Amino acid sequence: METSNNFIPINNWFDNEIKNPVIIAGPCSAETELQVLNTAEAISKIPNVKIFRAGVWKPRTRPGSFEGAGKKALKWLQKVQQITKLKVAVEVATQQHVKECIDAGIDVFWIGARTTSNPFSVQQIAEVLKDSKTPVLIKNPINPDIDLWTGAIERIAQVGVKKIAAVHRGFYPFEKTTLRNIPKWEIAIELMTRFPKLSILCDPSHISGNTKYIKEISQKAFDLTFDGLMLESHICPKEAFSDKKQQLLPSELKVLLDLLQFRQSNLNNGLLDIFESFRSKIDSIDFQLLELLSQRMKVVEDIGGYKSHNNISILQLRRWKQIIETRVDYGNKLGLDNIFIKQILQLIHDESIKKQTEVVYKNNNKKI
Ligand code: PEP
Ligand code: MN
């Protein structure tokens, strides 16, 4: 599907070009008119923030908690537009939400993680966006499925929306972890390679679940060339109706944004030469690694032949244990990380077993 060249970068979505990084901030939920207006006014004084976020319909995992102020909150957001000149962003999960937001003149929609997970919902949202072409942020699905995320982007792009950006908000961890949602950065990087022109933001608030990790996660996103951040900020976080622990005071948000280092992804001429010399070294090492891996696999196939002739099992547990121990020890002395060595060995071992199995089956004249 040819959608990858059609996106308009997020800093060009509105009449006045926004300087990167693009910062979206606001409360998890619009709770009361006063809370929305006070938060927006405080946030509008932070020069980097251009878009105000607030959930109006809240997708709660379980029933019984605050589910958002609903339609009436759209009027509060119109006041935010008039008073602060900030653009406003709202989460949409149904066709009705989209219609009400279009009527209210909401500037940006976002599709939440739970909705991205459902292609039927995304398709229905896409159908009502056909005419308005309002900009859309698409959060990653709850589960680490890159195709589901890609599919949601394609569904919205298919109806002609060109102002689309992805938001990495982390993935649901089954077990209890320090962070609320696991930032699988490799998935976000894969998305960047699938859609080189698509802007991608990070939502460090939902990844962290607690304000104390937000700085580290935000900086990591900038180091990985993310185009901006979507953060939760509330005028009085301890009284928030949802996501209390992860919302920053507007004053804390300002301090955080001043501390972060935004990195350029484009190399200027001076740096290019230096990078080229590093890169040619890395290229050469990578090719040597591939040559060695290929040599290793040839030896593995030979030994597979001997095992097959002598009716010896492919897996030799004692040998495998010994490989791990000696390589981890050796790699440690070279300054390599234990887990990294084990993961690489595991991959090599899996591939070796696969190759030997093929040899054995071939020798037995069986098809696999
Ligand atoms: C939110 O942004 O408030 C929200 C509900 O996020 P997510 O869809 O990432 O859980
Ligand atoms: Mn939230």
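Me: Which residue in β7 is the bridge partner of His168?

Reply: The model is a predicted one. In β7, His168 has Cys202 as its bridge partner. The chain reaches β7 from β6 through helix α7 (residues 185-194), and this β-α-β crossover is right-handed.

Me: In what sense do β6 and β7 pair, and over how many bridges?

Reply: Strand β6 (residues 164-168) pairs with β7 in the parallel sense, over four bridges.

Me: And what is the bridge partner of Cys202 in β8?

Reply: That is Leu229. Strand β8 (residues 228-232) and β7 also pair in the parallel sense, over two bridges.

Me: Which way do the side chains of β7 point, and are they buried or exposed?

Reply: From β7 (residues 199-202), Ser199 and Leu201 point one way, while Ile200 and Cys202 point the other way; all are buried. In a regular strand, side chains alternate between the two faces of the sheet.

Me: Changing topic: what coordinates the manganese ion (ligand 2)?

Reply: Its donors are Cys28 (SG), His206 (NE2), Glu232 (OE) and Asp243 (OD), at 2.1 to 2.4 Å. Their spacing in sequence is C-x177-H-x25-E-x10-D.

Me: Where do Cys28 and Glu232 lie?

Reply: Cys28 is in the loop between β1 (22-26) and α1 (33-44), and Glu232 is in strand β8, so the pair ties together parts 204 residues apart in sequence.

Me: Why does Cys28 count as buried, and why does Glu232?

Reply: Buried means under 20% relative accessible area. Cys28 counts as buried because its relative accessibility is 2%, and Glu232 because its relative accessibility is 0%.

Methods: Residues numbered from 1 in each chain as written. Chains lettered and ligands numbered in written order. Predicted model: local features only at pLDDT ≥ 70, side-chain atom pairs only at ≥ 80, totals over all residues. Heavy atoms only, no water. Buried < 20%, exposed > 50% of the residue type's maximum accessible area, 1.4 Å probe, protein only. Pairing = 2+ DSSP bridges. Right-handed = clockwise from strand over helix to strand, strands pointing away. Donors = N, O, S within 2.8 Å, 3.2 Å for Na, K, Ca; no water.
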